[in-house]
Every structure is written in structure tokens, then in C-alpha cells.
Amino acid sequence: MKQGPVLYEGKAKIVSQGETGRLIHYFKDSATAFNAQKKAEFPGKGALNLAISEVVFKALTAAQIPHHFIQRLDERSFESMSLQMIPAEVVVRNRVAGSLAQRLQEPEGALLSIPVVEFFLKNDAKGDPLVSEDILVAFYAQRQEDLQECRRLSLAVNQAVRPLFAAAQLELVDFKLEFGRDDEGRLFVADEFSPDTCRLWDVSTGEKFDKDRFRRDQGDLLEGYREVLKRLSQQ
Ligand SMILES: Nc1ncnc2c1ncn2[C@@H]1O[C@H](COP(=O)(O)OP(=O)(O)OP(=O)(O)O)[C@@H](O)[C@H]1O
Ligand SMILES: [Mg+2]
């Protein structure tokens, strides 16, 4: 496997050039929250996030949802397609939590009668603000049709992945996706799907198994992520 130069180092991963048209994503062990104001190292987190992401990407394959994951390379690296990223984070919510609870001043856990899709501008310097699809078109040069397709794919991911977690006695409260386009303009689910980027609550006790453990100092983060993988692996 040819590993080229590092193209980007983010907070969660290091992305390098792979074979032609491909990238290699290396999952780091660090966790950040509140736009990197809070940081810590969790040895083993990277491998857990990759293993959980792999389970989810395989479920997307089964549901015929296009995604960038090609193959796992080792404990903490995987190979993906190289895409032109849409500069947005697309969030799907099944219950009120996190920033939505704050914005609406409503209690965490309130059920939403339909899954809600929200777009945030992917821009750490600006604090990833909530934006409308129109703003992404009018100011950030995105195509309306692409955003509609992102929305459709995001809801399809929700439908495909919710039952997977439900079978593991975990409720998928919300999650964040990123999308990219290939040379022909086709859209693919990109990046990762892990407890860093979603909320998972135990269906009976409500115990949190995601990054909120770290954000809110509610229990051992690694123990939560290990439990997610263990339950998914038992399916
Ligand atoms: N298939 C892909 N092609 C091109 N870029 C991708 C692809 N999948 C993911 N990316 C980008 O690779 C980077 C992954 O690194 P990482 O998640 O650490 O960065 P970050 O998102 O800036 O940081 P954080 O996740 O902490 O906000 C992101 O910028 C993401 O948008
Ligand atoms: Mg990221």
C-alpha cells in the first residue's frame, strides 16, 4: 500500500495521500470538545472509532447508500476514495440534545416526531455555525441539488443505521455526516461514523455511550466506546 504525504491533520484524524484517487485516514487517540477548548488523550480510542465506523459503513453498503470507505488497512487506518468535500456538517436528530436543546431551551431527550436534518458550516474558526441550505447556495457556492441529495442520503443513513444500534440496545439520538463529490459529481457519505460524531443512549437506562461522557465528565469514555463496539459485534 503506497502511503504518500500527509495532506491534512485534523483533531481526530490524519489524512494522507494513498494510491491514485485514494486517501488514507489514521484515527488518533485524542478527543476534543467545545471547538478544541477541551482536549485529552484516550489510548485505544482511534482503533475503537475505526472499528465502529467500519460496522456502520458496511451497513451503508448493505443499504446501497454510496460511501467513501474502501477497506481497513490496520488497527487505526482505512483507505477511502479521495473526494471534493462539501463544506458542511449535516446533522440528523431523532431526539432533542446538545446544541438543539440549548437553542430551543428544551429538555434533552424530548422526542422529535420526524427526524430533523440540519446543516452547519464546517469552519472551526467560525465555530461551525448553523446555516440554511440557501446560505450554502448563496454564499458558499454549493448546488441546491447536492444539498437536497445530502439531505435525502442523511435520512437514508438514519433509516439504515438506527435499527443496527437498536438491536444493540442503543438509541441513535443524533449524528453528524460529511459528504464529498467524486470527479463525476456523484455524492458519497465520507469521513467517519463513531461515538465521537453521534449520540448513543442505552434504550432502557438512558446511559450515554458517546463523546458526551468526555464533554460532560460523565464516566469513562473508552469504557463507553468499548461497550458500543462489543454490543455491535454481538449482532
Ligand atoms: N473522502 C474524503 N475525501 C477528502 N476529505 C475527506 C474525506 N473524508 C473526510 N475528509 C476530511 O478529512 C478530515 C478528517 O480529519 P478530522 O476529522 O480530524 O478533521 P476535522 O474534521 O477538521 O476535525 P474534527 O473532526 O475534530 O472537527 C476532515 O477535514 C474531513 O472533512
Ligand atoms: Mg472530523
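Mentor: We shall take the terms in turn and set each value against its cut-off. Please keep in mind that this is a predicted model.

Trainee: Why is Leu83 called buried?

Mentor: Its relative accessible area is 14%. Buried means under 20%, so Leu83, at 14%, is called buried. Leu83 lies in the loop between strand E7 (77-81) and strand E8 (84-85).

Trainee: What does Leu83 touch, not counting residues up to four places away in sequence?

Mentor: Leu83 touches His68, Gly180, Arg181, Asp182, Phe188 and Ala190. A contact requires heavy atoms within 4.5 Å. As for Leu187, it is 104 residues from Leu83 in sequence, while the two C-alpha atoms are 8.9 Å apart in space.

Trainee: What makes the approach of ligand 1 to Leu83 a polar contact?

Mentor: A nitrogen atom of ligand 1 is 3.0 Å from a polar backbone atom of Leu83. The cut-off for a pair of N or O atoms is 3.5 Å, so a pair at 3.0 Å qualifies. Taken alone, ligand 1 exposes 620 Å², and the protein buries 88% of that.

Trainee: Which residues come nearest to ligand 1?

Mentor: There are 17 residues around ligand 1, and Tyr8, Lys11, Lys13, Lys122 and Glu178 come nearest. The shell divides into eight nonpolar, four polar and five charged residues. Strand E2 (13-17), strand E3 (22-27) and E7 each supply at least two residues of this shell.

Trainee: Is Glu89 buried or exposed, and how do you know?

Mentor: Glu89 has a relative accessibility of 14%. This value falls under the 20% limit, so Glu89 counts as buried. The residue lies in strand E9 (residues 88-95). Its side chain makes a polar contact with the side chain of Lys122, at 3.3 Å. Beyond four places in sequence, the residues that Glu89 touches include Glu118, Phe119, Asp128 and Glu178.

Trainee: Why is Ser30 called buried?

Mentor: The relative accessible area of Ser30 is 13%, and the limit is 20%, so the term buried applies to Ser30. Ser30 lies in strand E4 (residues 30-33). A polar atom of its side chain lies 3.3 Å from the backbone oxygen of Lys11.

Trainee: How do you know whether Gln64 and Gln169 are exposed or partly exposed?

Mentor: Exposed means over 50%. Gln64, at 73%, therefore counts as exposed. Gln169 has 44%, which lies between 20% and 50%, so Gln169 counts as partly exposed. Gln64 is in the loop between helix H1 (45-62) and strand E6 (69-74), and Gln169 is in the loop between helix H4 (144-166) and strand E12 (170-181).

Trainee: What makes the phi of Gln64 worth noting?

Mentor: Phi of Gln64 is near 60°, a positive value in a residue other than glycine. Most residues other than glycine have a negative phi. Gln169 likewise has a positive phi, of about 60°, although it is not a glycine.

Terms used
Residues numbered from 1 in each chain as written. Chains lettered and ligands numbered in written order. Predicted model: local features only at pLDDT ≥ 70, side-chain atom pairs only at ≥ 80, totals over all residues. Heavy atoms only, no water. Helix = DSSP H or I, 4+ residues; strand = E, 2+ residues; numbered from the N terminus. Buried < 20%, exposed > 50% of the residue type's maximum accessible area, 1.4 Å probe, protein only. Near = heavy atom within 4 Å. Polar contact = N/O pair within 3.5 Å; in protein donor to acceptor, adjacent residues only side chain to side chain. Areas by Shrake-Rupley, 256 points an atom, 1.4 Å probe, with all protein chains shown as cover. Nonpolar A, V, L, I, M, F, W, Y, C, P; charged D, E, K, R; others polar.
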